[in-house]
Amino acid sequence: MTGSFAAFAERCEQLTATSRKLEKRALMGEYLRSLEAHDAARAALYFSGKPFPETAARQLNVGGALLSRVLAELSKASQAAMHTAYLRHGDLGAAAHDLLIAVWGRRNVDPTLSLAEVDAAFAAVADAQKAAVKQKLVEELLERATPLEAKYIIKIILGDLRTGVKQSLVEEAIAAAYEAPLSAVRRAMTLNGDLAEVLMLAAKGRLEDARMKLFHPLGFMLASPVATVEEALERFIEEESSELEAAAHETGDSSQAPVAMAQGTKAQTIGPPILGAQIEDKYDGVRAQIHCGDPEQPGRVALFSRTREDMTPSFPEIVEAFGSFQEPVILDGEILAWNPNGSSGGDPTPGSGRALPFTTLQPRLGRKQVTAKMRQEAPVVFMTFDLLYAAGTLLLERPLAERRQALVDLVTREETRTIVGNQSALAPQNRQATLQFDPPQAAEAGFPRLVLAPAVKLQSAEQLEQAYVDARARGNEGVMLKAQGSAYLLGRRGLAWLKLKRELATLDVVVTAAEYGHGKRAGILSDYTFAVRDAEDLKNIGKAYSGLTDAEIATLTEFFKKHTLEDFGSVRTVEPIVVLEVAFNNVMRSDRHNSGFALRFPRIIRIRNDKPVSEIDTIERVAEIYHSQ
């Protein structure tokens, strides 16, 4: 059957009305099965909150400010009425529904928009170069819509349906709709990266035909935070022990059961499980995946952030260095600003190299054009610590120790391709034995853009303690503790990877409102109200105005003006996009914010362009800090 957009919107209303996962999956699966395959593919994509597949190069580039202008024109509503509607829902799509119902009444009682027409309209908006043209196209689309259709068109444009559905649940619905194994759907999605194409394969019963495609980001495996060596070892041994117990139960081999030799404190607990760990430095850079070496697209290199955004234009040196790879690979690692002549420890020895502070790298982020001066002032390297795809094989299920050896082999083979300046070969290095930070040669002799992250086996609590001290001396954030037997779990955080950072309490928050400052900051949006997550909602927790540079504040001012949801003169509500890391003295109970908490003396540590809003801290974390004080 031909898919009407009204039926899609009605199904979204049904999804919103239930909190039961199985019911949501059934509602989507039944609906997808009722559609012709191409319409079902469009609907699956829209259920995931995206107008285009991840692999598509096109983007709408339409924000809340443009949509608010369109809504004001269509609804003829005052700023006050728009503000009231937005506050009622905290969602521009839902606000649009109320405002358009008020002015249109029962107009457009017979909806005519199809999924295909919405798809074509989105494509036209993406292809438009000028904001005025985009605004006109969006206005024309919404004029044809019913209030309910407009609600979900706006939600898709903003990438947030708020139906309680994630992509993983859409994958389950596809499996249910076409009676396909969920594992086959997810495997195809990992390989292909295009939800619409995967649905088409499922509809044809050809999921096994999915082939690996580069240039779509895989989910990043994440580490769980710990604050002390004691906590790190306790949690890691707990995880390792449970795995060994499970293995012993399956095989009946009790010799593999965990052995604990406690000697007074958990920090001194040593036994077979701990010997399966490795230590790495935790870097203060930008987590990234590199995709390169595709023979069908020679020279193409793509860099993806944790937020699944394409960062390639911001780092042209990486593109230049990796463009000559002859083998398709996907590398996980960290982009670091790098001083090739700096010291890796306490001595200013030329040529040893060390990472520069994150603030050195920050001006690069989001840049479409990088100047020669930027390249000179903040040279960059890719510090790689994992290999996800090589030699035509996805390595995700291989143990870390195996992936690490393959990574060592690859870097040994390919590092000379990425040397800046002099292309002479590097001196041999013992890459496994010690946490040395010596890439390479002095700058005048050339240095590689590809650097292998040093890693050593963990033998004792004292070694972990010293590794942390040494990492901090190198200017890095702390250390990582990783199980050598761990698979790479896409988009998941577990105890197989731990990160040890001893810092004052900080929270990752998202800006929800920006206010003009006073004095020398008059006319500049410099005071930021921020929120944490509470399930699907955002709850304000504080307000900060210190910690950023004048240049950063000026950049944010222009950004927030373009992403304003409501303008009340001195303060604007803004799209919840910008993530900040904030420090504070303590957490207090307060009625000032809708979270019920407030931060005392909050200050901004940095802008977290590398972190998506879905990964900011939660109200539960705030309560945990409050009760621990």
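## Overall architecture

Of the contacts in the chain with a separation of 6 or more, 69% are made by residues 24 or more positions apart. The model under discussion is predicted. Its chain contains 20 helices and 21 strands, and 53% of the 629 residues are buried.

## Confidence of the prediction

The average pLDDT of the chain is 85, and 86% of the residues score at least 70. Two segments call for separate mention. Over residues 254-273 the pLDDT stays under 50, and the model has 31 contacts beyond four places in sequence for this segment. Over residues 343-351 the pLDDT likewise stays under 50, with 22 contacts beyond four places in sequence. Where pLDDT is low, the predicted coordinates should not be read in detail.

## Nonpolar cores

In soluble globular proteins, nonpolar side chains tend to be buried together. The largest nonpolar core in this model has 115 residues, of which F5, F8, L32, F47, F122 and I174 touch the most other members. With residues up to four places away in sequence left out, F8 touches Y31, A43, Y46, F47, L115, I156 and L161. Another core, of 30 residues, lies apart from the largest one, and its members include I318, V380, F382 and V411.

## Cysteines

The count of disulfides is zero. Among the buried residues is C12, which has a relative accessible area of 0%. C292 also counts as buried, at 0% relative accessibility.

## Helix α8

Helix α8 comprises residues 131-143. Its 13 residues reach 18 Å from the first C-alpha to the last, close to the 18 Å expected at 1.5 Å a residue. The buried residues of this helix are K134, V138, E139, L141 and L142. Around the axis they cover an arc of only 160 degrees, which puts them on the same side of α8.

The packing partners of the buried residues are helical: α4 (64-75), α6 (92-104), α7 (115-127) and α9 (147-158).

## Helix α19

Helix α19 spans residues 550-562. At 1.5 Å a residue its 13 residues should span 18 Å, and the end C-alpha atoms are 19 Å apart, which agrees. Buried in this helix are E552, I553, L556, T557 and F560. Seen down the axis, these buried residues fall within an arc of 140 degrees, so they line one face of α19. An α-helix has 3.6 residues a turn, so residues three or four places apart point the same way.

The other side of α19 carries the exposed residues A551, T555 and K562. The buried residues are covered by elements that include the strands β13 (506-516), β14 (525-534), β16 (564-567), β17 (571-574) and β21 (603-607).

## The surroundings of A544

A544 belongs to strand β15, residues 537-544. With a relative accessible area of 1%, A544 is buried, because the cut-off for burial is under 20%. Leaving aside neighbours within four places in sequence, A544 is in contact with S526, D527, Y528, F530, P602, R603 and I604.

A544 and L599 are 55 residues apart in sequence, and their C-alpha atoms are 9.5 Å apart in space.

## Residues with positive phi

Most residues other than glycine have a negative phi, and most peptide bonds are trans. Two residues with a positive phi are described here. R308 has a phi near 70 degrees, a positive value in a residue other than glycine. R308 is placed in the loop between β4 (301-305) and α14 (316-322). At 36% relative accessibility, R308 counts as partly exposed, because this value falls between the limits of 20% and 50%.

A535 has a phi near 60 degrees, again a positive value in a residue other than glycine. This alanine, A535, lies in the loop between β14 and β15. Its relative accessible area is 63%, and A535 is therefore exposed, the cut-off being over 50%.

How values were computed
Residues are numbered from 1 along each chain as its sequence is written. This is a predicted model: local features need pLDDT of at least 70, side-chain atom pairs count only at pLDDT 80 or more; totals for chains, interfaces and linings use all residues. Side-chain values use heavy atoms; hydrogens and water are left out. A disulfide is a pair of cysteine sulfur atoms within 2.5 Å. Buried means under 20% relative accessible area, exposed over 50%, partly exposed in between (1.4 Å probe, protein chains only). Helices (H or I, at least four residues) and strands (E, at least two) are DSSP runs, numbered from the N terminus. The expected span of a helix is 1.5 Å times one less than its number of residues. The arc is that of the directions from the helix axis to the C-beta atoms. Contact means heavy atoms within 4.5 Å. A nonpolar core is a set of buried Ala, Val, Leu, Ile, Met, Phe, Trp, Tyr and Cys residues joined through side-chain atoms within 4.5 Å. pLDDT is the predictor's confidence in each residue, from 0 to 100.
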